[in-house]
Amino acid sequence: MTGASAATTVAEIERLGYTHALVIPDSESRALVEELAESAAVDVISPCREGESVAIAAGLWTGGAKPLLIIQNTGLMEAGDALRGCGIGPKIPLRMLVGWRGYTGAQLGKLPIDSAYPYTEPLLAAWGIPWWPLMSDNDLGVIAEMDARAAETSAPAAVLCGHRFRA
Amino acid sequence: MIERMDLFRAVAAQRSDEIVVMTMTATLQWPLVSTHDLDFDFLAFGMGHASDFGMGLALARPERKTIVFKGDGGLLMSLGSLVTMGRYGPENLLVLLLENRTYEMTGGQPLAAGPDFTALARAAGVPGGGATGHGKVERMETLGDFETQLPRLLSEPGPHFIVLPVENHEPLPPVNHTDHASRVTRLRAALGLDGDVRRDV
């Protein structure tokens with residue numbers, strides 16, 4: 001199973017006015033990040049861990065930029081304290097594309113199920129972070145929905161990317 | 001060893017329109033010497049992330065310096081930040097590492113005695129690094145040395161990572177930070193980004 005087109009997704013990211021992408025490499029977003037690296041509109045920054053990414057993104061937004069976090073669900077789990085402190089608490093509209101590791105395998109019935117898969121939705125629910133699924137090009141509008149919700153609420157919002165972006 | 005309040009007074013005396021970011025015990029004492037609109041005292045970054053937030057601010061606001069007071073305990077919680085600074089740190093980022101070898105905010109528990117923070121920053125690629133290759137790492141042992149060097153640190157391109165051994169003999173005011181959202185709103189207003197209502201870009 002493959003997901004949305006990397007090129008089309010980058011075009012949507014550019015259309016929405018993102019200035020920076022904070023990226024930690026993962027399998028789901030590999031093609032997307034390679035495509036983003038060619039973007040003249042979006043500066044790609046690759047910190048060492050997701051908690052750093054969240055804090056840098058919060059600083060960027062506070063300073064007037066519009067960052068996008070591109071991380072995996074495993075990194076989302078690692079970044080919990082930063083997400084709480086730099087997003088949820090101070091009401092900073094952090095936008096996230098989150099690679100949903102384990103989703104594709106679970107849909108195909110592969111065992112054992114990757115433990116990163118089942119905890120992702122409950123974790124976002126516990127934090128009160130709304131999310132939308134991005135599974136194919138047909139779903140690309142969810143990035144704009146997520147973006148608008150973050151702006152309206154001045155709070156974090158996420159898109160879960162179930163399949164790998166395709167080059 | 002530098003008395004921390006003397007260090008704060010020295011920075012406050014020479015600071016003009018720089019953003020000043022701080023966390024933990026620095027948030028308790030810096031407000032005693034400064035009430036500038038561009039002060040950002042914030043307890044809730046998430047452990048170890050004050051300089052990451054400061055880097056984001058500096059990237060977004062290249063027209064002015066961002067100064068970050070960061071503790072050595074916080075640095076140990078996010079050592080990768082040094083590598084990120086060495087790779088992407090902008091010229092207008094000045095990180096002042098307050099080295100007191102304790103987790104002061106939680107009662108003074110000792111840090112590991114071994115780490116050489118200057119050497120760690122050097123090994124992480126900060127000297128000659130950063131976004132434009134102007135990164136610098138220095139250690140200053142005395143207040144006099146720091147006061148002499150500060151005009152240079154505020155004017156020359158960085159990013160700078162400055163290690164300052166500090167101690168504190170003055171009482172710490174009580175912690176009273178709860179409304180973190182208003183701090184963000186206030187800083188954005190000072191930067192001309194919003195009024196009472198937040199606007200996205």
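Which residues does B:Phe161 touch, not counting residues up to four places away in sequence? I looked this up and found B:Leu75, B:Leu82, B:Met85, B:Val95, B:Leu97, B:Phe117, B:Ala121, B:Val126, B:Lys136, B:Val137 and B:Glu138. I took contact to mean heavy atoms within 4.5 Å.

The model is predicted, with local features needing pLDDT of at least 70 and side-chain atom pairs counting only at pLDDT 80 or more, while totals for chains, interfaces and linings use all residues. Residues are numbered from 1 along each chain as its sequence is written, chains are lettered from A and ligands numbered from 1 in the order written, and side-chain values use heavy atoms, without hydrogens and water.

Cores. I next looked up the nonpolar cores, each a set of buried Ala, Val, Leu, Ile, Met, Phe, Trp, Tyr and Cys residues joined through side-chain atoms within 4.5 Å. Buried is under 20% relative accessible area, exposed is over 50%, and partly exposed is in between (1.4 Å probe, protein chains only). The largest core has 63 residues, and B:Phe161 is one of those with the most contacts inside it, along with A:Val54, A:Leu94, A:Met96, B:Phe40 and B:Phe45. Helix H3 of chain A (residues 50–62) gives the largest share of this core, 7 residues. Another core of 27 residues lies apart from it, including A:Ala6, A:Ile13, A:Val33 and A:Cys161.

Chain A. I found 8 helices and 8 strands; these are DSSP runs (helices H or I, at least four residues; strands E, at least two), numbered from the N terminus. The radius of gyration of chain A is 14 Å, close to the 15 Å from the globule rule for 167 residues, so the chain is as compact as a globular protein of that length. That radius is taken over C-alpha atoms, and the rule is 2.2 Å times the number of residues to the power 0.38. Buried residues make up 59% of the 167. Among contacts between residues at least 6 apart in sequence, 78% join residues at least 24 apart.

A:Ala11. I placed this residue in helix H1 (residues 6–15) of chain A. A:Ala11 counts as partly exposed because its relative accessibility is 42%. Its C-alpha atom is 31 Å from that of A:Gly89, 78 residues away along the chain.

Chain B. I found 8 helices and 9 strands. For 201 residues a compact globule would have a radius of gyration near 17 Å, and the 16 Å of chain B agrees. In chain B, 55% of the 201 residues count as buried. The C-alpha atoms of chain B fill a box of roughly 45 × 40 × 30 Å along the principal axes.
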